[in-house]
Amino acid sequence: MPLVNDLLIRACRRQEIPRPPVWIMRQAGRVLPAYRALRERVSFMTLLSTPDLAVEVTLQPIEALGVDAAIMFSDILIVPQAMGMDLEFVDGVGPRFANPIRSGADIAALGPVAPEAGG
C-alpha cells in the first residue's frame, strides 16, 4: 500500500482500483468528539480562517473512521465574505450577513475574489 492513500485520486483518473473509495464530507465531522472539543475552544470562523485548524478538522474523520479521503474543511460562504460581505456565524442560528444583498447597487459594491491575495 502506498504511503499516501491515493485510491480516490486514482478513481477520479478512471484508473483501475481494487475497490470503490469511501470519502466523507466535512459535515460528518460534527459527530466526532474531537471536532466538538475543538469547537468548544475556537469559533467556526477561526476554523475556516486558520489553515492548520482546517487541516486538523479535515483529517479527523479520516483518522477516526478510516475512510479514504475527506472534502477539505471550509464553507461556501467564505466566497461572498472574500468579496466584501460581513459574515458572522452565530452559534445555534447559523450564518448571518450584516450587509445582505438586496439591490443591484449591493451587487455592484462587491469586490472581486482574488485568491492569490488571500481574499
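# Briefing on a predicted protein model

Confidence in the protein is lowest in strand β1 (residues 23–24), with a mean of 76, and highest in helix α6 (residues 104–108), at 92. The model is predicted, and its pLDDT, the predictor's confidence in each residue, averages 84 over the protein. A score of at least 70 is reached by 89% of the residues. Where pLDDT is low, the predicted coordinates should not be read in detail.

**Overall architecture**

- The protein contains six helices and four strands.
- Along the sequence, these elements follow the pattern α-β-α-α-α-β-α-β-β-α.
- The protein has 119 residues, and 24% of them count as buried.
- Among contacts between residues at least 6 apart in sequence, 42% join residues at least 24 apart.
- The accessible surface of the protein is about 8300 Å², and carbon and sulfur atoms account for 60% of this area.

**Asp-68, a buried residue in a loop**

- Asp-68 lies in the loop between α4 and β2.
- Asp-68 counts as buried because its relative accessibility is 8%, and the cut-off for this class is under 20%.
- The side chain of Asp-68 makes a polar contact of 2.8 Å with the side chain of Asn-5.
- Another polar contact, also given as 2.8 Å, links the side chain of Asp-68 to that of Arg-19.
- When neighbours within four places in sequence are left aside, Asp-68 is in contact with Asn-5, Leu-7, Arg-19, Pro-20, Pro-21 and Val-22.

**Thr-58 and helix α4**

- Thr-58 belongs to helix α4, which covers residues 51–65.
- Thr-58 has a relative accessibility of 9% and therefore counts as buried.
- The side chain of Thr-58 reaches the backbone oxygen of Ala-54 at a distance of 2.8 Å.
- Apart from neighbours within four places in sequence, Thr-58 is in contact with Ala-70, Ile-71, Met-72 and Phe-73.

- Met-72, one of the residues in contact with Thr-58, is found in the loop between β2 (69–70) and α5 (78–82).
- Met-72 is classed as partly exposed because its relative accessible area is 46%, which falls between the limits of 20% and 50%.
- Together with Val-55 and Leu-59, Met-72 forms a nonpolar patch on the surface.
- The accessible area of these three residues together is about 240 Å².

**Thr-46 and helix α3**

- Thr-46 is located in helix α3, which covers residues 44–49.
- Thr-46 has a relative accessible area of 29% and is therefore partly exposed.
- The side chains of Thr-46 and Ser-43 make a polar contact of 2.9 Å.

- Arg-14 lies in the loop between α1 (7–12) and β1.
- Arg-14 counts as exposed because its relative accessibility is 78%, and this class requires a value over 50%.
- The phi angle of Arg-14 is near 60 degrees, which is a positive value in a residue other than glycine.

Key:
Residues numbered from 1 in each chain as written. Predicted model: local features only at pLDDT ≥ 70, side-chain atom pairs only at ≥ 80, totals over all residues. Heavy atoms only, no water. Helix = DSSP H or I, 4+ residues; strand = E, 2+ residues; numbered from the N terminus. Buried < 20%, exposed > 50% of the residue type's maximum accessible area, 1.4 Å probe, protein only. Contact = heavy atoms within 4.5 Å. Areas by Shrake-Rupley, 256 points an atom, 1.4 Å probe, with all protein chains shown as cover. Patch = residues over 30% accessible without salt bridge, like charges linked within 9 Å, V, L, I, M, F, W, Y side chains within 5 Å. Salt bridge = Lys/Arg side-chain N within 4 Å of Asp/Glu carboxyl O. Polar contact = N/O pair within 3.5 Å; in protein donor to acceptor, adjacent residues only side chain to side chain. pLDDT = per-residue confidence, 0-100.
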